[in-house]
Amino acid sequence: MEEWRFIDFGLVDIRDMMAMDESILKADEGNTFFFWTPKKSIILGFFQKAEVELDLAQCKDYTITRRISGGGIAFSDDRCRQINYGVVGTIDNELFPMDIIASYKQICGVLIDTLGHYNLNAAFRPINDVVVDNRKISGNAQTRWEEKLLQNGTLLLDFDIEEMLRISNIPKEKFLDKKIASIREGLTWLDRELGEQRDMEEIKQVMKKKFEERFHVRLKSGYLSEKEKVLTHTLLPKYYSDEWVYR
Amino acid sequence: MFLNTAGANTMEIKTLQGIHKSKGGLIRSFVTVQNGKIKEISISGDFFLFPEEAFFRIVEEIKGIKAEREEVELKIKEIYERENIQSPGTLPSDFTESIMKALEG
């Protein structure tokens, strides 16, 4: 059975993580699945403007950066109960389809299978969400580079909606056509769905196993290569710069 | 366009905001118009667009064109074709709609 690399970065500064994320996509060290948990932070989507999307006066104690993929804000409160993942894969029209939505669906299947393990009714909601009973529990964002794709996503274990609303400038139009009365009703998280807190490491093990099953591969623990470390080092200043974050 | 009441004969150019939601995300446009042409524009949103860098072509090339729906949509479509843009759930007409909502208030 084919082996792909697996890395668990643990609790990270999101600026460092986004530099490593980009380096894994661009260094060409083979298909990789990885986890991290962000410290208190906000990651802007590629096309978002900080001053438009955020109430910046309320964000002073957050680390803010931007990622290279589109989509919306990834917000992490200081509870740090989120599993974030990354997948880098070579587009092959089988495991990683060329069609964008099909490739989201394939990778989001790992989350759906994981939630199914906990007997939750999870489904893919195009373009890029995973929902439980029509409430978003996971947001995902993909970009492509040469023949490869990078998908990042989050599985919410716990989430402070009020805090997210406090720091955001979310216009009400966003949720109108989803016929959801408010953002509060449109989101959920695993602890709420299960009525208890499961151990994060246990959930990660389930996710890793579901990934192996879905992609028919064995995940082998590894590290960043020297090439990736060098590339990460050159990318770090970007993720720490105002020019990138507040452009 | 609004007359600036603070100074005689100075014209204040107001930045107008338009919000439109496509299936692929929310598009917020901020547009200033001068002499019937788009002078400045910025767009913020949670949509997806590949290749990402081509987005800057859209913003750059819309500047200077007539602030009319047909002109705006034609230009965006042209850039989509030339740059081979894919934006799942978001069409050139969605960007146009967001910009027109700003222009039409």
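Ground rules. This is a predicted model: local features need pLDDT of at least 70, side-chain atom pairs count only at pLDDT 80 or more, and totals for chains, interfaces and linings use all residues. Residues are numbered from 1 along each chain as its sequence is written, chains are lettered from A and ligands numbered from 1 in the order in which they are written, and side-chain values use heavy atoms, with hydrogens and water left out.

Chain B to start. It has five strands and three helices. Here helices (H or I, at least four residues) and strands (E, at least two) are DSSP runs, numbered from the N terminus. The order from the N terminus is β-β-β-β-β-α-α-α. Of the 105 residues in chain B, 50% are buried. Buried means under 20% relative accessible area, exposed over 50%, and partly exposed in between, with a 1.4 Å probe and protein chains only. The accessible surface of chain B is about 5,400 Å², with 49% from carbon and sulfur atoms. Those areas come from the Shrake-Rupley method with a 1.4 Å probe, and for residues only the protein chains shown count as cover.

Now the interface. Chain A puts in 29 residues, chain B 23. Contact means heavy atoms within 4.5 Å. The buried area between the two is about 2,100 Å², and carbon and sulfur atoms give 66% of it. That is accessible area (1.4 Å probe) lost by two parts on being put together, summed over both.

What holds charge to charge across this interface? One salt bridge is counted between chain B and chain A. A:Glu53 and B:Arg28 form a salt bridge through their side chains, at 3.4 Å, N to O. The rule is a side-chain nitrogen of Lys or Arg within 4 Å of a carboxyl oxygen of Asp or Glu. Seven residue pairs are in polar contact across the interface, both at pLDDT 80 or more. A polar contact is a pair of N or O atoms within 3.5 Å; within protein, one must be able to donate a hydrogen and the other to accept it, and residues adjacent in sequence count only if both atoms are side-chain atoms.

On the chain B side, β3 (16-22), β4 (25-34), β5 (37-45) and α1 (54-62) each supply at least two residues. β5(B) gives the most, four.

Two lysines in chain A. A:Lys204 sits in helix α7, residues 200-215. It is buried, at 5% relative accessibility. Its side chain makes polar contacts with the side chains of A:Asp8, at 2.9 Å, and A:Glu201, at 3.2 Å. A:Lys39 is in the loop between β2 (32-38) and β3 (41-44) of chain A. It counts as partly exposed, at 41%. A:Lys39 and A:Cys80 are 41 residues apart in sequence, yet 6.2 Å apart in space, C-alpha to C-alpha.

Last, salt bridges. In chain B, B:Glu73 pairs with B:Lys77 at 3.6 Å. They are about one helical turn apart, because four residues separate them in helix α2 (residues 69-83). B:Glu73 is buried at 18%; B:Lys77 is partly exposed at 42%. B:Lys75 and B:Glu78 also meet in a salt bridge, at 3.6 Å, N to O. Both belong to a salt-bridge network that includes B:Arg57, B:Glu61, B:Arg82 and B:Glu83.
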